[in-house]
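Open your viewer and keep the selection panel at hand. Each stop says what to select next.

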Amino acid sequence: MDRALLFLDVDGTLLPIGGGGPMYGDDGNPLLARLNPALGPLLRALPCDLIWATTWMQEANDVISPRLGLPALPVVAWSDSATGEDEALHWKTPDLVTFAAGRPFIWVDDEIAGADRAWVRVHHPGPALLHRVDRLTGVTEADVTAIANWLREY
């Protein structure tokens, strides 16, 4: 069976959006200071292929990957044709299903909703986990554990 893909968002996912969270560095950018460097080894240890699924595009490799100790990752190229079939559907959903091309995948984002899960069930023939994280905390060790458990069971 093909290795699963892990689509990673950045804003609200790896970079929590909200005050009061822990700060891990001070490089002049308060958002980047919220990036937890301990997530890098946890993500690298997962038995899947990491893919950037973010509007940061290639900049995620330039700015985020080095801070997490990740190699340069593939980046989803977003299409210009946002789906109009369901306003509740996240604009990323169809492109992620197309990119996955039937392979098992996990999508980690802070904007996943029920419409996305329903659309993926209908349009994606393989296993998929759409894992929504709290934008105030971003990805936590508990989220990585949930992803690892799914990878063992799919």
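A salt bridge here is a side-chain nitrogen of Lys or Arg within 4 Å of a carboxyl oxygen of Asp or Glu. The model is predicted, so local features need pLDDT of at least 70 and side-chain atom pairs pLDDT 80 or more, while totals for chains, interfaces and linings use all residues. Residues are numbered from 1 along each chain as its sequence is written, and side-chain values use heavy atoms, without hydrogens and water.

**Stop 1: R135.** Select R135 and E111. Their side chains meet in a salt bridge, 4.0 Å from N to O. R135 sits in the loop between β4 and α5, E111 in the loop between β3 and α4, 24 residues apart. Helices (H or I, at least four residues) and strands (E, at least two) are DSSP runs, numbered from the N terminus.

R135 is partly exposed at 33%, and E111 is partly exposed at 37%. Buried means under 20% relative accessible area, exposed over 50%, partly exposed in between (1.4 Å probe, protein chains only).

**Stop 2: R3.** Select R3 and D49. This salt bridge spans 2.9 Å, N to O. It links R3, in the segment before β1 (4-8), to D49 in strand β2, 46 residues apart.

**Stop 3: α2.** Select residues 59-68, helix α2. Its buried residues include A60, V63 and L68. Just after α2, G69 takes a positive phi of about 70°.
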